[in-house]
Amino acid sequence: MKIMEDRTVLHMTEELESGVRYRILSDEEDLDIIIEIGESPRSPEFEEKYYYDGNDLGAVCENSRTNFAVWTPVAEEAYVLLVDTANTDIVLERLPMKRTEKGVYRFSTIRSLHEAAYQYEVLINGDYHQTADPYAVSSTVNGHASVVIDTQKLGLGKPVSLPAFSSPVDAVIYEVHMRDFSAHYKSGMYQKGKFGAWTKMGKKQRSRLSRFNLY
């Protein structure tokens, strides 16, 4: 241990495990200090140890089950909060998640939670934090909570095949805002400025979308 002007530096003989709470206790000096994570998650060693490349993160519905998975290796605990869709401050259920490989927390239930709103609650550095799911495919208004979606119930049909490119750098990618793209009075869309504008096409709309490979 090395005491400096504004801090005390501790040198550990063993590697610190992320997601485990470490404390400094002293009955003589009445100390009970939680050791915070600090800058360690930004280190190459942390990335090498906890890097996760699985494709199962988020909330996935399949065969009447719902599986939740979130990568948060710095968390000591994690919970799925099922919340009220209209008022996301109202917690309906608090479901404990289990820490698995590479700091991924998981929870699975034999219920289809299609269209259920949820958040994650994580314990980091002794404090609880609530957050939306960074891997979610849908959310409530303004992203206050995430929403479970069973993609098989959406009736999306066959995926659109994009034209082949001789080189990936030949691709031109547009980020389209639903309202801005449809709101113009000459757009040819029936529900201008709304998601419904993309569900029913007129001749002008078909022509316009075909130029962007969206139709």
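Val172, Tyr174 and Val176 form a nonpolar surface patch with about 310 Å² of accessible area together. Patches here are made of residues with over 30% relative accessible area and no salt bridge, with nonpolar side chains (Val, Leu, Ile, Met, Phe, Trp, Tyr) joined within 5 Å and like charges within 9 Å. Accessible areas come from the Shrake-Rupley method with a 1.4 Å probe, and for residues only the protein chains shown count as cover. Tyrosine 174 is located in the loop between strand E13 (146–147) and helix H2 (178–182); helices (H or I, at least four residues) and strands (E, at least two) are DSSP runs numbered from the N terminus. Tyrosine 174 counts as exposed because its relative accessibility is 55%, where exposed means over 50% relative accessible area, buried under 20%, and partly exposed in between (1.4 Å probe, protein chains only).

The model is predicted: local features need pLDDT of at least 70, side-chain atom pairs count only at pLDDT 80 or more, and totals for chains, interfaces and linings use all residues. Residues are numbered from 1 along each chain as its sequence is written, and side-chain values use heavy atoms, with hydrogens and water left out.

**Salt bridges**

A salt bridge is a side-chain nitrogen of Lys or Arg within 4 Å of a carboxyl oxygen of Asp or Glu. The count by this rule is four.

| Pair | Closest N and O atoms |
|---|---|
| Arginine 106, aspartate 56 | 2.7 Å |
| Arginine 111, glutamate 93 | 3.1 Å |

Arginine 106 forms a salt bridge with aspartate 56. This pair links distant parts of the chain, 50 residues apart: arginine 106 is in strand E10 (residues 104–109), and aspartate 56 is in the loop between helix H1 (44–50) and strand E5 (58–62). Arginine 106 is partly exposed at 23% relative accessibility, and aspartate 56 is partly exposed at 28%. Asp56 and Arg106 also belong, with Glu101, to a network of salt bridges.

Arginine 111 pairs with glutamate 93 in a salt bridge. The two are 18 residues apart, with arginine 111 in the loop between E10 and strand E11 (117–124) and glutamate 93 in strand E8 (residues 91–96). Arginine 111 is partly exposed at 33%, as is glutamate 93 at 32%.

Arginine 94 is partly exposed at 43% relative accessibility, whereas glutamate 121 is buried at 10%.

**Nonpolar cores**

A nonpolar core is a set of buried Ala, Val, Leu, Ile, Met, Phe, Trp, Tyr and Cys residues joined through side-chain atoms within 4.5 Å. The largest one has 22 residues, of which Phe68, Val80, Met97, Tyr118, Tyr120 and Val148 touch the most other members. H1, E5, strand E6 (65–71), E7, E10 and E11 each supply at least two residues of this core. E11 gives the most, with four residues.

Leaving aside neighbours within four places in sequence, tyrosine 118 is in contact (heavy atoms within 4.5 Å) with residues including Phe68, Val80, Asp133, Ala136 and Val148. A second, separate core of five residues includes Leu81, Val83, Ala117 and Ala145.

**Asparagine 87**

Asparagine 87 is in the loop between strand E7 (77–83) and E8, and is partly exposed at 34% relative accessible area.
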